[in-house]
Amino acid sequence: MKTITNILLVSLLLISCDESPEPGSIQHIQSVTKAVDNLRLLKADETPGDWLSYGRNYEETRFSDIDKINKSNVNQLGLVWSSNLETKRGIESTPLVVDGIMYVTGPWSIVYAIDARSGKLIWKYDPKVPKEIGKKACCDVVNRGVALYKGMVYLGTLDGRLIAIDAALGQPKWEILTVDTTYSYTITGAPRVVNEKVIIGNGGAEYGVRGYVTAYDAITGEQEWRFYTVPGDPSKPFESKAMEDAAKTWTGDWWKYGGGGTVWDAMAYDPELNQLYIGVGNGAPWNRLHRSPDGGDNLYLSSIVALNPNDGHLIWHYQTTPGDTWDYTATQHLLLADLTMDGEVRKVIMQAPKNGFFYVIDRTNGKLISAENYVYVNWATHIDKKTGRPVETSFSRYAIRDAEIFPSFFGGHSWQPMAFNPNTGLVYIPALEVSHTFGHDSSWVFKPNEWNVAIGRNPDKEAVRDTLAPRPIPQGKLIAWDPVEQSEVWRVQYESAWNGGVLATGSGLVFQGTAEGMFSAYDAEDGALLWEFDLGTGIIAPPISFEVDGEQYLSVAVGWGGARGLSNQYTEYIYPGTVYTFGLNGNAAMPEYPKPATKILANFEYDDDENLQIKGASLYAEHCSHCHGRVARGTGGILPDLGYINEATLSILNEIVLNGAFLTKGMPNFKQTLSENDVFAIKNYILSIASNRTNEETNGNNK
Ligand code: CA
């Protein structure tokens, strides 16, 4: 039956071949998306008008070699269209575009196909992720994008499925569960297609999972191989030689806690070497004293790993943070380039992982070429060139005394993609500079599927505080980095730490959105601000550029949220998720979104019993603060600041927390972990804090 349908479709296509189909029609979408095959992906740079894969090409340069919008006319950029996705929560998606057909993802793994000529929605596909899954997602219910191949759109869903969707019809062709749902795995990253295989990883290290990456046949969905990043129970046979070797670098009972090492974002591919590069995440739990109590490097945590994409075998690895204990993932953007160094062309892979050092590595063999810090760093003094290992500072492992460490677990750079302009030779890094005071939690016990980081504060001893460190505002930076010289060429500073990913274009422009809602263009050579546009809502996703019918456009998907956006906000309002597209002389009006009502701090009676207060504060810190922020200091992100809780919500708090009354809004059900008495203590704590807070405190914290 399938074959007959296919024959019919092919015949229909052949019949309509005389005239080129109407742009945006099913026939048009079918023909342009089916043409995205291995050759098109390999030669992505030869079609600069399209954006066919997550990083634009296999090197993941995010360099769009189009120059119609340039330094002399960028100030004429205007809005061409906007498309309201009608969502709340963070949008981290990179839109893909082929001949003006755009595929972009929103929160809860929903995919939108949009006609980029008009902004009109072609189809929307909702994989119906159960809202309970929100509890398993550390950093918002985001999705970073899809892959496109031979007429299919590949989507990784928050609940761990890989779905192949018909690119023209928006209907699923097949669906595969890639995770064991008894664990807290989530997928937020974009799949990549290499040699007709779809490669997908997952996240969840903070909840005690074991990381891996899997390859599926792009056509049939059949599993081809799986590479685990950390060893399992050593009393059972190892899956590979790589796992056998890795197990020698672990101690204790790590496998009981999953071990971590999730591959939740970065990948790149070198077709000439036939090497697939993956970025591996942090350990589970964070604190090595609990995970691997007698030390060890804990391979392949926080490593860049090269695999053979045909069979998933390890080729080489480079560990950026041996024995990670700070959530220093190496899942950040992996970027390939051929750089001339000391008169020799070197095939390199570059990364600015969370640990604050910028690495240039020989991608043929995984050997370190150079590494220098791109933000302020105090966990290590430098990277030893001979051994390739960091030289740690005496206090960095916070075993005896708490220590203020730079960078924090947010990293010097997170998932927000960088960009590389081969003409300037510069890498543009969306960086941040914040610290975290780490302490050893000696009372930690593993709780399956719960937040398991095993860090805490020990107030009996004074923490090591870095008096030389930069204090905290401005916290965000756009850094132009020379990877050959390993030095900063220019920077733009932002008050906020959580800004958008970066795009570089062939005309020497760099585009970035900010937490303050500004979409800006800079001169790639000196960082001069050439244009900016206020979108009103904080931007975290990277922009893209594409060309259709001879015109160049820029698009950015805007939706405030993500890890730091859950409980922080830098714009007056947060508007619905929206894709904005700009072009020369665009003059569309901004969408008119209703302004949210003014909020009033809760001011209700509460019990000032000290024990009840302590209980409430501790329960709040453990179960609420991760998403709703610290109510004491005033917060406000995409999730509610509970200081503004109103009477109606208060009256049904038990229903919300213990019976899932707000599950459809994404508020998890805590029935398994909290009692009615607990909820009473939390409620009492919120009221006591809110009643003693002022609105000014809230605003002061957010800015
Ligand atoms: Ca992490």
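A salt bridge is a side-chain nitrogen of Lys or Arg within 4 Å of a carboxyl oxygen of Asp or Glu. In this predicted model, K71, D523 and E525 are linked in a network of such bridges. The structure holds 35 salt bridges in total.

E60 and R192 meet through their side chains, with N and O 2.9 Å apart. E60 lies in the loop between α3 (38–42) and β1 (63–64), and R192 lies in strand β11 (residues 192–194), so the pair ties together parts that are 132 residues apart in sequence. E60 counts as buried, at 4% relative accessibility. R192 is also buried, with a relative accessible area of 6%.

A second pair joins D362 and R346, whose closest N and O atoms are 3.3 Å apart. D362 belongs to strand β23 (residues 357–362) and R346 to strand β22 (residues 344–351); the two residues are 16 apart in the chain. D362 is buried, with a relative accessible area of 10%. R346 is partly exposed, at 21%.

E46 is exposed, with a relative accessible area of 59%. K43 is partly exposed, at 39%.

D402 presents another case. This residue lies in the loop between β26 (390–392) and β27 (403–405). D402 is buried yet has no salt bridge. The nearest side chain of opposite charge is R457, 5.0 Å away, and a salt bridge requires a separation within 4 Å. A polar atom of the D402 side chain does, however, lie 2.7 Å from the backbone nitrogen of N458. Beyond its neighbours within four places in sequence, D402 is in contact with T437, F438, G439, H440, G456, R457, N458, A463 and V464.

Attention then turned to the nonpolar interior. In soluble globular proteins, nonpolar side chains tend to be buried together. The largest nonpolar core here has 92 residues. Y103, Y154, I278, F511 and F582 have the most contacts inside it. Strand β38 (residues 551–558) gives the most to this core, with five residues. A second, separate core has 53 residues, including W286, A337, V348 and V427.

Leaving aside residues within four places in sequence, its contacts are L77, G78, L79, V80, F519, W531, F533, L535, Q552, Y553 and L554.

W531 is found in strand β36 (residues 529–534). W531 counts as buried because its relative accessibility is 7%, under the 20% cut-off. Not counting residues up to four places away in sequence, W531 touches V74, N75, L77, F511, F519, S520, A521 and F582. Its side chain also has a polar atom 3.5 Å from the backbone oxygen of L77. W531 and G106 are 425 residues apart in sequence, and their C-alpha atoms are 27 Å apart in space.

Helix α11 (residues 676–691) was considered last. The helix has 16 residues and reaches 22 Å from its first C-alpha to its last. This span is close to the 22 Å expected at 1.5 Å a residue. The buried residues of α11 are D678, V679, A681, I682, N684, Y685, I686, L687, S688, I689 and A690. Their cover includes α7 (610–623), α9 (647–651) and α10 (653–659).

Definitions and conventions:
Residues numbered from 1 in each chain as written. Predicted model: local features only at pLDDT ≥ 70, side-chain atom pairs only at ≥ 80, totals over all residues. Heavy atoms only, no water. Helix = DSSP H or I, 4+ residues; strand = E, 2+ residues; numbered from the N terminus. Expected span 1.5 Å × (residues − 1). Buried < 20%, exposed > 50% of the residue type's maximum accessible area, 1.4 Å probe, protein only. Contact = heavy atoms within 4.5 Å. Lys, Arg positive; Asp, Glu negative; His and termini not counted. Polar contact = N/O pair within 3.5 Å; in protein donor to acceptor, adjacent residues only side chain to side chain. Core = buried A, V, L, I, M, F, W, Y, C linked by side-chain atoms within 4.5 Å.
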